[in-house]
Amino acid sequence: MIVFGLSDAIKLRKKERRNPIIAEIKVYSPKYGDLLRGRDPLNILKIYEKCGVAGISYITAKEFGGDISTFKTICRESNLPVLRKDFITSRNEIEKTAELEASAILLIIRILKDKTSEFVDYALDHGLETLVEVHTKTDVKIANETKTPMIGINNKDILKLEMDAGNIELTEKLCRFVRDDVVKISESGIMSIKDLKRALKCADAALIGTAFMLAKDTEKIVEAFVEG
């Protein structure tokens, strides 16, 4: 049974003086190719849980090799809050995510635009926390006007399927414009503990997938990031 929502889990990790990380089970990257490399996603889930991450993320979008069946299994098996990442464009997808007993859902301003606020409200009404994703200062302005408990700064351009060379500088640039009462999350481009430390100087948490999935020893690197 999951006691905490994702935002509360992040706050709890901070109190424990551990780096609050949302660890992503990422099947495929348009830039790096197959990230799963024959591994069972549930084995990766157990490694993440063992290392003390704050939450789990899974991309259900077909562009990243995801599928809703695996996501359903992760939600059922995990004792941590689970975030669904996808290009959400309909209320039906929010309802489906809630039915699968996810904890949170990603809503991307660059896709939803002026519909973002109503989608946030709809998700919250269905028991889902929202992570509203921004990439520009204009996005931040829109996000600040919603009721979302979490705002994520994607250091890469999701409209380019994150093929661009994004880095932590965008988090550093945009974090100061995000309103103070939300949990701030730095997403993408965090490949080293040095990157993580930079991100956590201004953000509350980091969402990391590729660095963990590419690692030869996933448990070793995740543990180092959490305790680092």
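**View A. Glu101 in the loop between helix H4 and strand S6.** Here we look at Glu101, which lies in the loop linking helix H4 (91-99) to strand S6 (104-108); helices (H or I, at least four residues) and strands (E, at least two) are DSSP runs, numbered from the N terminus. This is a predicted model, in which local features need pLDDT of at least 70 and side-chain atom pairs count only at pLDDT 80 or more, while totals for chains, interfaces and linings use all residues. Residues are numbered from 1 along each chain as its sequence is written, and side-chain values use heavy atoms, with hydrogens and water left out. Although Glu101 is not a glycine, its phi is positive, at about 65°. Glu101 is exposed, with a relative accessible area of 63% (buried means under 20%, exposed over 50%, partly exposed in between; 1.4 Å probe, protein chains only).

**View B. Arg37 in the loop between strand S3 and helix H2.** Arg37 sits between strand S3 (33-34) and helix H2 (41-50). Arg37 is not a glycine, yet has a positive phi of about 50°. With a relative accessible area of 40%, Arg37 is partly exposed.

**View C. The largest nonpolar core.** This core has 55 residues, and Tyr48, Ile56 and Ile208 have the most contacts inside it. A nonpolar core is a set of buried Ala, Val, Leu, Ile, Met, Phe, Trp, Tyr and Cys residues joined through side-chain atoms within 4.5 Å. Helix H6 (residues 116-125) gives the most to this core, with four residues. Another core, of 18 residues, lies apart from it and includes Ile10, Ala61, Ala104 and Val183.
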